Amino acid sequence: MSSNVVPVTNEENIIIISQHDQNKLHKTKLSFIDIVSFLKEIIAKLDIKKVIHSVKVGIALVLVSLLYLLDPLFQKVGQNAMWAIITVVVVFEFFIGATLRKGINRAIGTLLGGGLGCLAAILADESGEIGGALVVGISVIIIGVGATYSRLIPSVKKKYDYGVMIFILTFSLVVVSGVRADKIMKLAGERLSNIGMGFAVCIFTSFIYPIWAGDELHFSTATKFDKLATSIQGCLEEYFVIANDKEKKATIDISGCKSVMHSKSSDESLANFAKWEPWHGKFGFFYPWEKYLNIGEVLRELAAMIISFKGCIQSVRQSSPIERDNIREPCEKIGLSLATILMELGGSIRDMKRRRAKSLITQCMREELSLLVNLDNNNNSTDNESTLGLASFIFQILEMVDKVELLATKVEELGEIAHFHNKKLDV
């Protein structure tokens with residue numbers, strides 16, 4: 001087999017490179033470029049907050065591992081250092097509020113469970129062999145049943161479920177091991193101190209590039225207004241496009257509405273975590289996070305209306321193109337006003353500034369609503385299905401207007417309690 005060679009002149013000698021080696025080098029170069037571009041694509045898709053959280057967890061684990069790795073520290077804490085590592089793994093959460101909530105619950109549960117466990121262990125130790133066994137058995141049953149029942153109470157489960165679970169675990173471990181341990185108080189103190197060190201490391205690393213649940217709830221709530229505004233505009237635009245082009249199928253994107261509909265559990269968790277967070281930025285102690293839940297509930301109701309509105313638009317019983325054109329102008333104005341007001345409300349929350357969204361509803365839409373209702377009343381169509389479809393369409397628009405007005409009221413209440421700044425708008 002013949003092979004081409006390329007001479008490369010050097011000052012001292014000549015290097016001969018075959019065509020096969022050139023192809024090999026070229027492939028290696030291409031593969032390296034492909035790897036770099038592939039890594040860039042992966043990095044671009046990564047969530048920077050999740051990366052930061054992962055790095056912080058790694059740093060926290062390294063710090064608590066020093067209790068094992070450094071002899072001076074290990075001689076002081078001994079094998080109980082594992083409780084610090086367990087604490088970091090179990091307590092460290094994505095949001096600072098979640099970490100504080102879990103850490104404080106663990107500390108309180110450990111203190112109460114350890115204290116009661118020590119008392120029960122001491123009482124069992126002085127009651128003799130048979131009496132001690134009875135004391136341990138009865139105390140474990142009473143505490144286990146009572147604490148487990150309390151975990152089933154909704155208000156306790158929502159905020160203190162983890163703490164009650166740690167209380168049961170700590171009490172059971174201390175009281176059972178205390179029957180045969182002579183230094184139960186010392187053992188409990190050592191474990192508690194190691195748990196405290198693990199929790200301290202979690203708090204320290206959490207405040208490195210902190211991720212606040214309050215910020216997440218605040219901005220996610222503001223974003224929901226924009227999603228619903230886009231969906232309303234899309235529905236109305238599609239309704240009149242279909243009227244002019246019968247062959248065109250509806251392509252309304254209501255993914256934003258669906259994400260709002262499924263946000264309840266996330267909002268409740270974020271609000272619960274936010275209540276445990278310290279003062280940061282514009283969010284002080286006792287900030288009205290429950291108002292965000294009230295606003296979120298109304299937003300979900302509006303999202304459900306928009307999804308129902310989409311079904312109404314796509315119904316085969318909708319009105320004729322001529323009837324749709326008669327109400328096109330007032331409907332488009334109302335849709336634009338609704339979208340504008342929703343965006344104003346979202347911006348009001350995002351910027352923490354008061355805006356006159358409620359007055360915009362009164363000034364901009366009342367005339368258009370009256371005109372729309374009059375057009376419906378003057379409809380002389382003999383087709384009952386078409387008339388019913390048009391009436392249903394107008395009715396749902398009126399319902400959405402009422403719901404947006406309620407949203408404006410809720411946002412104004414939030415602004416008053418949270419002390420939003422005033423901002424003048426040109427109407």
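## Serine 150 and helix α6

Serine 150 sits in helix α6, which covers residues 128-151; helices (H or I, at least four residues) and strands (E, at least two) are DSSP runs, numbered from the N terminus. With a relative accessible area of 19%, serine 150 is buried. Buried means under 20% relative accessible area, exposed over 50%, and partly exposed in between, with a 1.4 Å probe and protein chains only. When neighbours within four places in sequence are left aside, serine 150 is in contact with Val156 and Val164, contact meaning heavy atoms within 4.5 Å. The structure is a predicted model, in which local features need pLDDT of at least 70 and side-chain atom pairs count only at pLDDT 80 or more, while totals for chains, interfaces and linings use all residues. Residues are numbered from 1 along each chain as its sequence is written, and side-chain values use heavy atoms, with hydrogens and water left out.

The 24 residues of α6 should span 34 Å at 1.5 Å a residue, and the end C-alpha atoms are 33 Å apart, which agrees. The expected span of a helix is 1.5 Å times one less than its number of residues. The buried residues of α6 are Gly131, Gly132, Val135, Val136, Ser139, Gly144, Ala147 and Ser150. Their cover includes α5 (96-125) and α7 (154-177).

## Packing of α6 on α7

Two packed helices are described by the angle between their axes and the distance between the axes. For α6 and α7, the axes come within 9 Å and cross at roughly 170°. Axes are lines fitted to C-alpha atoms, for helices over the stretch in contact, and angles run from 0 to 180 degrees between N-to-C directions. The crossing therefore makes α6 roughly antiparallel to α7. Angles under 35 degrees count as roughly parallel, over 145 as roughly antiparallel, 65 to 115 as roughly perpendicular and the rest as oblique.

On the α6 side, the contact is made by Val136, Ser139, Val140, Ile143, Ala147, Thr148, Ser150 and Arg151. On the α7 side are Val156, Lys157, Asp161, Val164, Met165, Phe167, Ile168, Phe171 and Val175. By class, the residues of this contact divide into 11 nonpolar, three polar and three charged. Ala, Val, Leu, Ile, Met, Phe, Trp, Tyr, Cys and Pro count as nonpolar, Asp, Glu, Lys and Arg as charged, and the others, Gly among them, as polar.

## Packing of α2 on α4

Helix α2 (residues 48-69) has an axis that comes within 8 Å of that of helix α4 (residues 81-91), with a crossing of roughly 170°. This makes α2 roughly antiparallel to α4. From α2, the contact uses Ala60, Leu61, Val64, Leu67 and Tyr68, and from α4 it uses Ala81, Met82, Ala84, Ile85, Val88 and Val89. This contact has 11 nonpolar, no polar and no charged residues.

With 22 residues, α2 reaches 31 Å from its first C-alpha to its last, close to the 32 Å expected at 1.5 Å a residue. The buried residues of α2 are His53, Lys56, Ala60, Val64 and Leu67. Valine 89, which belongs to helix α4, is exposed at a relative accessible area of 56%. Valine 89 and glycine 58 are 31 residues apart along the chain, and their C-alpha atoms are separated by 9.9 Å.

## Nonpolar cores

A nonpolar core is a set of buried Ala, Val, Leu, Ile, Met, Phe, Trp, Tyr and Cys residues joined through side-chain atoms within 4.5 Å. In the largest core, of 58 residues, Phe225, Leu228, Leu342, Phe393, Ile397 and Leu407 touch the most other members. The elements giving two or more residues to this core are α9 (213-244), α10 (255-261), α11, α12, α14 (328-351) and α16. Its largest share, 12 residues, comes from α16.

Not counting residues up to four places away in sequence, leucine 228 touches Cys257, Val260, Leu299, Leu302, Ala303, Ile306 and Leu342. A second, separate core has 18 residues, among them Val77, Phe92, Cys202 and Ile203.

## Loop residues with positive phi

Phenylalanine 286 lies in the loop between α11 (264-274) and α12 (289-313). Its phi is near 60°, a positive value in a residue other than glycine. Phenylalanine 286 counts as exposed, at 86% relative accessibility.

Histidine 419 is placed in the loop between α16 (384-418) and β4 (421-422). Although histidine 419 is not a glycine, it has a positive phi of about 60°. Histidine 419 is exposed, with a relative accessible area of 62%.

## Whole protein

The protein has 16 helices and four strands. Of its 427 residues, 39% are buried. Among contacts between residues at least 6 apart in sequence, 79% join residues at least 24 apart.
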